[in-house]
Amino acid sequence: MSLIKKIHNQLVAKEFTCTELVKEKLALLKENKYNSVNTVLEDLALEAAAKVDAKIANGEEIGLLEGIPFGIKDVYMVQGTYTSASSDLLKKYKSAYTATAIQKLLDAGAIPMAKENCDSFGHGSSSENTVFGSVKNAINQELVAGGSSGGSAVNVAADYTVFSIGGDTGGSIRQPAGYNKIYGLKPTYGRVSRYGLMAYASSTDTVGPLAKSIEDVAIVMNVMSGKDAKDQTTIASEEIKAEVIASKPEGIKIGYFKNFIENDAIDSKVKADFLATIEKIKSAGYEVQELDFFNADTLVSTYYTLAMAETASNLSRLDGTNYGNRIEDKNLKETYMVTRSENFTEETKRRIVGGNQVLSQGFSDAIYLKGQELRKEIEAAFEADFNKVDIILSPVTPGPVPKIGEVLSNPHAMYLSDAYTVGFSLGQLPTLTCPFGTETGIQVTGAKNKEQTILQFANFLNQVQ
Amino acid sequence: MSKIMPVDILSSIKGAKSSEAVDKLFDVIKNAEINSNSSNQNAKNAVSIDDLRADVVENSSEITKQIIRENFPKEKDGYLVVSKVIEG
């Protein structure tokens, strides 16, 4: 059931005012026992709510998203608000403009409630790499929220926001969605403009929604999608139709990667639950094929090599002179050094250094350029797979949700926890996390621009659970 | 041209060193087998010349200018203050 439609109907029926709704959510966000928020946008939200109430009072029709409270990961520019990327460097940085995706939601009348806590610059898989305090899981507060869009996932799961906008580079929407048992969509690369999203790894960065229903994911995607002159990697896309999503998918073939499931790294319960879901799909009459794919180590290493190279390049502009908190020293060069040393977190510095290593003389041929070649092979393998099947299913993570404190102490284990998400990022494919199938959810992936097909199949899967 | 620059200078981070966790990732790439038959994805990802936007100067709104000024750590007579210009 669409929460957006339910609230829309309640607003139209005058069961409560938009201001009352927004005040209730603001109180929850401020109380906030999960560390899921960096800045509450109280004035902005109340001002927008008053406009919606005025329209309703005047008997004017309101749009579906008008008056719907939503959250924004703190890596998106919203004019006049702090956009910290959960870092010390940008803690007091104010956005001078608004990201295209967010502007489209504001134009549709959705109400911005908060800038949400996340891993600093998107660097992490647990939302513990943040200067605002670790985000706690919405279901069990001893566990991590998942990263990097952890605050966004928790706010939706805890009903602080109706939907939130996260950012997914290597799994940053899909993994926290799975950890907090909600839906999270990483769209096809380029479907939503990245203009105004703080760049982490430009070739895999995507903008996507986290929500409690498939229908809500589709509603938000339809508003945000489209070509944007300010982001030349954007592509034209077709509307996702609610009636298609609600119908049973016919004549499609399902596949899964055998080597994701048949290896020592996967948790036994995750494996058993995933295979049980496969059996349900077979029982419903669908053909399921086992597929061969790259091993997890190669996927993780290829992704991180390229992502680190891109983040080293993207974050080189953050030196305290152009942006952020500057720490003065004896000359400009030392000022850059001290500013970056003191203001970046350890994980962010680890990734910047790794990126500069692979881009430097003596390393670029053996690692960076080889990583680019491997990526081409991964993309070619996906193309071949989607000639055989329409949907690829996979667990979101190999293991269960970690406890707070376990992840940051072992960066290599953290990188490996992304084994099942990063491949689809390298392929720039649309992938949806569904909150069932395994403890951390199940991913439904399609070929590029097949968002409607994956949402339709996810809806069917939800019904057979 | 053969001078290799250390990562702390490349990264502008004091005392920066490579990490064991990241080196493990790179080792996997070094040892990976490459199949030379993969297709040319770079051409597919290129932006069409028809999609390039016009290179024009656009004036920012007053609110944008005001916020940008707020973000500057130091300002003097309308100019950003830089600590010291590097010599040589």
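**Notes on chains A and B**

1. Let's start on the surface of chain B. Met5(B), Ile9(B) and Leu10(B) make up a nonpolar surface patch there, and their accessible area comes to about 240 Å² together. Keep in mind that this is a predicted model.

2. Now take one member of that patch. Ile9(B) sits in helix H1 of chain B, which covers residues 7–11.

3. On to where the chains meet. The size of an interface is often given as the accessible area lost when the parts come together. Here, chain B and chain A bury about 4900 Å² between them, with 62% of it on carbon and sulfur atoms. On the chain B side, the residues losing the most area to chain A are Leu25(B), Phe26(B) and Ile29(B), together 14% of what that side buries.

4. How many residues are in contact? For chain B it is 56 residues, touching 60 residues of chain A.

5. Next, the polar side of things. Between chain B and chain A there are 16 residue pairs in polar contact, both at pLDDT 80 or more. The salt bridge count between the two chains is 2. In a salt bridge, the side chain of Lys94(A) meets that of Glu70(B), at 3.1 Å from N to O.

6. Which elements of chain B give two or more residues to the side that touches chain A? They are H1, helix H2 (20–31), helix H3 (41–45) and helix H4 (62–71). H2(B) gives the largest share, 10 residues.

Terms used. Residues are numbered from 1 along each chain as its sequence is written. Chains are lettered from A and ligands numbered from 1 in the order in which they are written. This is a predicted model: local features need pLDDT of at least 70, side-chain atom pairs count only at pLDDT 80 or more; totals for chains, interfaces and linings use all residues. Side-chain values use heavy atoms; hydrogens and water are left out. Patches are made of residues with over 30% relative accessible area and no salt bridge: like charges are joined within 9 Å, nonpolar side chains (Val, Leu, Ile, Met, Phe, Trp, Tyr) within 5 Å. Accessible areas come from the Shrake-Rupley method with a 1.4 Å probe; for residues, only the protein chains shown count as cover. A salt bridge is a side-chain nitrogen of Lys or Arg within 4 Å of a carboxyl oxygen of Asp or Glu. Helices (H or I, at least four residues) and strands (E, at least two) are DSSP runs, numbered from the N terminus. Contact means heavy atoms within 4.5 Å. Buried area is the accessible area (1.4 Å probe) that two parts lose on being put together, summed over both. A polar contact is a pair of N or O atoms within 3.5 Å; within protein, one must be able to donate a hydrogen and the other to accept it, and residues adjacent in sequence count only if both atoms are side-chain atoms.
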